[in-house]
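Good morning, and thank you for making time on the agenda.

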Amino acid sequence: MSVQWDGSPPDPAGRADGGVRTDDAVRTEDGPGRFPAPRPGGRAEARRAARDRVVPVRPGRGGTTESSRTAARAGRRETPREPRPDARGGSGGSGQRTARSSGRNGRSGARRLIAWSVAGVLVVLAGAGGAVYYKLNGNLRSFDADAISPDRPPESAADAHGHRPVNLLLIGSDSRAGKNSDLGGGDETGARSDTTILLHVYADHRHAVGISIPRDALVTVPRCKLPNGKWTREQPGQMFNSAFSVGNSETGNPACTLNTVERLTGIRVDHTIEVNFEGFAAMTGAVGGVDVCLPNDIHEGNINPNLGRKGKVVLAKGRQRVSGQQALDYVRLRHGIGDDSDVGRMKRQQAFLASLLAKIKSKGLSPGTLLPLADAATRSMTVDPGLDSAAKLVDFALTLKGIDLHEVKFLTTPWRYSGARIDLVHPAVDTLWRTLQADRTIDGQDATGRQEAAGEPTAEPVPTPTPSADPSPAVGADGTPIRVTVYNATNAAGLAARAAETLRAARVTVAGTSSRGTARATTTVEYGTGQRAAAEKVAALFPGAAVAPGQAAGISLRLGRDYAAGGTPSPTATGPAGSPAPLPTEVVSEARSGDDDICSNVSYG
């Protein structure tokens, strides 16, 4: 089954703002990119119109063209469509209802409208008779479920109340296809991921934490599906954002980024949302702009380093409200502020997301806000199959409505410079992933706010990241580079690759990986003659690992069931009863709350 890459055409009107106005969106006339005007005559006439309305047949998702979409709009079903049962046991869809059942269905429909009003969908269904629902549905694109790796982490466990945490992968794409080329300021082909945040929503659905993953971080990109249906080979030591470019298509490969995040973190990604340049710019305009702050003026030459001159001021120092191109310039800004690194840019992106959430919340659930925002958002999105309809998106959004801004935290993975690239710091980053796997907040609490007992062991602090030249490979007592062969001695998949990434981050040479080996409970580092000192250095990277002489020359890392269970247990790796140790103070202190001042923590260096 081939992957469906960008199966929907762009807006026929070609407008970056999604063809809607923020001031009078619900009163615009019918037309491309417009919302239909509400029917006159009150509720009774609206109900009669809904009964008599025919339902457009949606075109197939794969390879949709503008002509086929137009033909599909022209085609009509002449017979009533049977109501479809939804996940709650009611009738879903927008099919016709008979006069005999209109009373009963009207009551159940009213209950559904009340529930949907929480997300503003009441306005959509009552004001436009379902036409907007079909418009939003047609905007969405999704990638094929077959592109998700079959070798995945397990689903998150439910808490004592039966509630599960949710992991949402947010990708800001740097595609130059269509209108994105003008907004992106370049003519390069292909697509890249400009921003990637793993948002963990805790089981209580009252707390959330967004983890920014540096695009320059060196990781292993696992096997990924290409647009032609073939799968790539695993590629170690790659920049993280290269995963989105696998296949070199104009729309990118969000499924490959999903696979890479799951390999990197050991966390199951429940949903994925990718937003492109054009849609992002339209979304900021739909809410009337977003408040941001900068420590200094930004000039044209900072936005485009190839300009060759300073140019005029594009973004002024201090507080300001940005939308459209200016908003895009802000979140993509890298030069002329701090140390010109991607680290500072991630801080500004976190501040921008928090400000955007605050703006949406402050404007409330008004039609003038929700309809343009919904159209701009869905027009720009590529989603996983679990969110491939407006109804699914709304249902998912409803599960997040109880999160307060102060309880949304943002931070960046523990990192350090590695020349021009970034290395993830171990074991701090491993502790971060285990913290999310255990559904614990970054300050050591569980999702209900229970604090760990006092006196528990603490993790070693992470050294302050500082620029440096390319570090030398790790060496043993004799001065020769340490080489390790990794064996997965368990039935769990993907452990050897995960351990190999830990070794490479410490500049240990990985001689090879294999799933062959005698099954064992404890992770062990075996060494040949004269290799004990080097073996002990390797064992230090895997807390709790044993060190023992082996039968062969060189060093072998044999992973046991303790590693498969989430890492080898030790006083520095876990707290009481095997729970993750608290994150280092340096990591927690850098976190941003959703309600922090917009001028704080927006640069680095």
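Let me begin with Glu590, which has a relative accessible area of 40% and is therefore partly exposed; here buried means under 20% relative accessible area, exposed over 50%, and partly exposed in between, with a 1.4 Å probe and protein chains only. Please bear in mind that this is a predicted model, in which local features need pLDDT of at least 70 and side-chain atom pairs count only at pLDDT 80 or more, while totals for chains, interfaces and linings use all residues. Residues are numbered from 1 along each chain as its sequence is written, and side-chain values use heavy atoms, with hydrogens and water left out.

Which side chain does Glu590 meet in a salt bridge? The partner is Lys347, at 2.8 Å from N to O; a salt bridge is a side-chain nitrogen of Lys or Arg within 4 Å of a carboxyl oxygen of Asp or Glu. The pair links distant parts of the chain, since Glu590 sits in the loop between helix H18 (585-588) and S23 while Lys347 belongs to helix H11, 243 residues away. Helices (H or I, at least four residues) and strands (E, at least two) are DSSP runs, numbered from the N terminus. Lys347, with a relative accessible area of 8%, is buried.

By this rule there are 17 salt bridges. One of them joins Arg558 and Glu526, whose closest N and O atoms are 3.0 Å apart. Arg558 is in strand S22 (residues 555-559) and Glu526 in strand S20 (residues 524-527), so this pair ties together parts 32 residues apart in sequence. Arg558, at 18% relative accessibility, counts as buried, and Glu526, at 17%, also counts as buried.

An open sheet is formed by 8 strands in the order S3-S14-S9-S4-S5-S6-S15-S23, with mixed pairing; two strands pair if DSSP finds at least two bridges between them. At the edges stand strand S3 (141-142) and strand S23 (592-593), each with a single partner strand, so one side of each has no neighbour in the sheet. Strands S5 (residues 193-201) and S6 (residues 208-212) run antiparallel and are joined by 5 bridges. Helix H11 (residues 342-363) lies across S5, S6, strand S15 (408-412) and S23, and runs at about 170° to S15. Contact means heavy atoms within 4.5 Å; axes are lines fitted to C-alpha atoms, for helices over the stretch in contact, and angles run from 0 to 180 degrees between N-to-C directions.

How many disulfides does a search of the whole structure find? There are 2, a disulfide being a pair of cysteine sulfur atoms within 2.5 Å. Cys293 is joined to Cys599, with an S to S distance of 2.0 Å. Cys293 lies in strand S10 (residues 290-294) and Cys599 in the segment after S23, so the pair ties together parts 306 residues apart in sequence. The other disulfide joins Cys224 to Cys256, at 2.1 Å from S to S. Cys224 lies in the loop between strand S7 (218-221) and strand S8 (235-239), and Cys256 in helix H7, so parts 32 residues apart in sequence are tied together.

That brings me to H7 itself. In H7, 12 of the 12 residues are buried, so the helix is largely enclosed by the rest of the structure. Just after H7, Gly266 takes a positive phi of about 70°.
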